[in-house]
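Visitor: I'm new to this one. Could you take me through a single part of it, slowly and up close?

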Amino acid sequence: MLENIRIVLIETSHSGNIGSAARAMKTMGLTQLCLVSPKSVDEQSYALSAGAENIVKNARVVDSFDEAVDDCSLVIGTSARLRHLQNTLIEPRECAEKVVAYKGKIAIVFGRERIGLTNEELLKCHYHLNIPANPDYSSLNLAMAVQLVSYELRMAFLVQNNKKNSLSLIEKNYPTTDQLAYFFDYTERIYQSLGFIQNQGVMRKLKRLYYRAKLEKNELNILNGMLSAVEKRIDLTKENN
């Protein structure tokens with residue numbers, strides 16, 4: 001999923017920021033970097049990438065915003081301007097949730113160090129990402145902003161993966177509704193034959209107890225085995241009598 005996310009840097013003026021942004025990306029599992037008309041990609045870019053040289057080396061370099069996002073169906077642009085973007089404004093956490101749920105290629109675009117994205121570029125974005133920093137000092141350098149957004153993307157990705165794993169675990173380890181219904185019917189039949197259950201109130205309480213216990217499949221199999229053993233003993237007693 002993370003491989004569908006493209007980080008786009010527009011006209012980066014300080015080559016070191018490219019390396020630092022690449023490092024920020026790699027620490028969070030992002031690999032797709034696109035550079036729009038960077039001033040230069042040089043030794044400082046590689047030096048500050050600190051182990052993420054492959055991100056810098058494989059970065060796609062293009063001449064325009066349009067070319068950077070041409071195959072993306074979701075484009076999110078970062079912006080510090082709030083007043084005229086209220087309807088499409090999102091914060092990093094909401095952005096990450098939208099991105100990990102999206103099926104398709106996504107571009108997250110970071111503007112120039114000094115002036116950000118132009119109004120024309122912002123109009124080409126589906127959403128506008130704003131980092132709610134301290135209003136008295138909201139200055140983040142480019143690499144910091146990339147790191148913060150990349151972190152939120154990774155956290156959302158991990159949450160989504162954990163949910164999938166949890167659902168898979170539930171499907172694998174816990175009985176189905178039909179299996180529980182069979183067990184409850186079996187329990188009621190055996191307990192009635194023993195004279196233990198005289199009314200439905202007792203069975204309702206037993207069901208609540210078993211639901212609270214969140215029985216796993218192997219535990220349910222043990223209980224069914226116990227009921228089967230009791231049933232055999234009942235049948236044997238009847239035969240002997």
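Guide: Let's start where the axes of helix H8 (residues 177-193) and helix H10 (residues 217-240) come within 10 Å and cross at roughly 30°. An angle under 35 degrees counts as roughly parallel, so H8 is roughly parallel to H10. Keep in mind that this is a predicted model. The crossing of H8 over H10 is left-handed.

Who does the touching? On the H8 side, the contact includes Leu-180, Tyr-182, Phe-183, Tyr-186, Ile-190 and Tyr-191. Facing them from H10 are residues including Leu-220, Leu-223, Leu-227, Val-230 and Ile-234. Sort the contact between H8 and H10 by class and you get eleven nonpolar, five polar and three charged residues.

Now look at another neighbour of H8, helix H9 (residues 200-213). Here the axes are 11 Å apart and the packing angle is about 140°. H8 and H9 are therefore oblique to each other, and H8 passes H9 in a right-handed crossing. Leu-180, Phe-183, Phe-184, Thr-187, Glu-188 and Tyr-191 are the H8 residues in this contact, and they meet Gln-200, Met-203, Leu-206, Lys-207, Tyr-210 and Tyr-211 of H9. By class, that makes eight nonpolar, two polar and two charged residues where H8 meets H9.

Phe-183, Phe-184, Tyr-210 and Tyr-211 are linked by ring pairs into a cluster. In the model, the count of aromatic pairs comes to six. One of them joins Phe-183 and Tyr-210, edge-to-face, with 5.0 Å from centre to centre and 75° between the planes. This pair ties together distant parts of the chain, since Phe-183 sits in H8 and Tyr-210 in H9, 27 residues apart.

Tyr-191 is partly exposed, with a relative accessible area of 22%. Exposed means over 50%, so Phe-196, at 51%, counts as exposed.

Terms used:
Residues are numbered from 1 along each chain as its sequence is written. This is a predicted model: local features need pLDDT of at least 70, side-chain atom pairs count only at pLDDT 80 or more; totals for chains, interfaces and linings use all residues. Side-chain values use heavy atoms; hydrogens and water are left out. Axes are lines fitted to C-alpha atoms, for helices over the stretch in contact, and angles run from 0 to 180 degrees between N-to-C directions. Helices (H or I, at least four residues) and strands (E, at least two) are DSSP runs, numbered from the N terminus. Angles under 35 degrees count as roughly parallel, over 145 as roughly antiparallel, 65 to 115 as roughly perpendicular and the rest as oblique. A crossing is left-handed if the near helix is turned anticlockwise from the far one by less than a right angle, and right-handed if clockwise. Contact means heavy atoms within 4.5 Å. Ala, Val, Leu, Ile, Met, Phe, Trp, Tyr, Cys and Pro count as nonpolar, Asp, Glu, Lys and Arg as charged, and the others, Gly among them, as polar. Rings of Phe, Tyr and Trp (its six-membered ring) pair if their centres lie within 6.5 Å; planes under 30 degrees apart count as stacked, over 60 as edge-to-face and the rest as tilted. Buried means under 20% relative accessible area, exposed over 50%, partly exposed in between (1.4 Å probe, protein chains only).
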